[in-house]
Amino acid sequence: MAAVYKSLSKPDKKDEHKGAGGKKNKQRVLILSSRGVTHRHRHLMNDIYSLLPHSRKDAKLDTKTKLYQLNELAELYNCNNVFFFEARKGKDLYAWVSKAPNGPTVKMHLQNLHTMEELHFTGNCLKGSRPILSFDAAFDKQPHLRVIKELFLHIFSVPKGSRKVKPFIDHVLGFTIADGKIWIRCYQINEAEPGKQKPSAGEEMDMDQAPKNGKPGETNVSLVEIGPRFVLTPIVILESSFGGPVIYENKEFVSPNQIRADLRLAKAGRYNRRSGQGLERKVKRGELGLNTEGGRKKPKDALDDKVLFA
C-alpha cells in the first residue's frame, strides 16, 4: 500500500503536458434515501456524501415501488450513478447501486453500520481529497463480483477534475470479501519521517534505539481508520437501471423478516410445548382422581355412609 501511495502522490508529467482535448473521467453520483430512515441511516448517508465530493444529495424519495423514477432524477441532476438507500420497517436498510440510465443495478443488504460519530477514531482526512481504492483479489474470481467492483470504481473513485476536489490523496477505501459479504473500511494515510517518530506514552527512547535517518524525502506510511464502516450482502443484480431481468441472485441470502419470523416461531414452539405439558399433567391427575374439579370421577362405593344413610 505504501508503494502505491508513493507512486500516486508523485506528480505525473504526462498530465502536465496533456491538452484540453484529452478524455476526462466524468462521474457524478446521486445519493438519496427513501422514507422511514432512522437517524443512524441518515448519519451514514451524510458520511458517504462527505467522502465523495463529486456526489449530489437529494431529498427523500416518496415511493418504494416506482424506483425507475430515480433515472429521471439522475438526469435532472446530471448524474450517471445512483446510490439509493431503502429503509424498511425502521430496522432494515438496503442499498441500491445503479449505473444510470442503462444499468446494471445491484441490490444489497446493508448491516453492521457504524458512523464516524459512533466510532471516535483518531484518523482524519481532508474534505474533498481523493481516495485510493483497495479491492480484495477475490473480486476478480467471480463474474458478479467483477460487476460490483466496476460499479464501486465508478461511484467511489473521485475524478481528478471534479468540482470541490482538492489535489491530495490522503485516505484509502478498502473493499474486502469475507463470508460472502463485502466489508468496507476507510483509513487515513499517515506519513511520518523516520527520525521524527514520537515514542509512546510512558516510554523514553534511547539514542541507540532511535531510528536512523533514512534517505532524504523518505517517509514511513501507516494507516489509521477514520470511519464509517459497514457490511454489504449482495442480493440480486438487474440488467438495466432499477429494472430488467435478473442476471444474478444470491441463493444463500436470508431476509431479516424471515429471521425474525423464525425466532417468533421458536418462541411460540416453546410456549406450545409448556402448555401441552401442563394439559397432560392435568389429565393424568384427573385419571388418578387427584383433582377436586374436572377429570374422571371416582365410582360410588356401595358401603359409603352417604349411600347407606341417604
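**Surface patch and nonpolar cores**

V254 counts as partly exposed because its relative accessibility is 44% (partly exposed lies between buried, under 20% relative accessible area, and exposed, over 50%, with a 1.4 Å probe and protein chains only). The model is predicted: local features need pLDDT of at least 70, side-chain atom pairs count only at pLDDT 80 or more, and totals for chains, interfaces and linings use all residues. Residues are numbered from 1 along each chain as its sequence is written, and side-chain values use heavy atoms, with hydrogens and water left out.

V254 is located in the loop between β11 (243-249) and α7 (256-287); helices (H or I, at least four residues) and strands (E, at least two) are DSSP runs numbered from the N terminus. Together with I259 and L263, V254 forms a nonpolar surface patch with about 270 Å² of accessible area.

The protein chain contains eight helices and eleven strands. Of its 310 residues, 35% count as buried.

The largest nonpolar core has 35 residues, of which F83, L110, F152 and L232 touch the most other members. Such a core is a set of buried Ala, Val, Leu, Ile, Met, Phe, Trp, Tyr and Cys residues joined through side-chain atoms within 4.5 Å. Helix α6 (residues 143-156) gives the most to this core, contributing six residues. Leaving aside residues up to four places away in sequence, F83 touches V29, L30, I31, L32, I48, A95, W96, V97, I155 and F156 (contact means heavy atoms within 4.5 Å). Another core, of 18 residues, lies apart from the largest one and includes L67, A74, W96 and A100.

Definitions and conventions
Patch = residues over 30% accessible without salt bridge, like charges linked within 9 Å, V, L, I, M, F, W, Y side chains within 5 Å. Areas by Shrake-Rupley, 256 points an atom, 1.4 Å probe, with all protein chains shown as cover. Salt bridge = Lys/Arg side-chain N within 4 Å of Asp/Glu carboxyl O.
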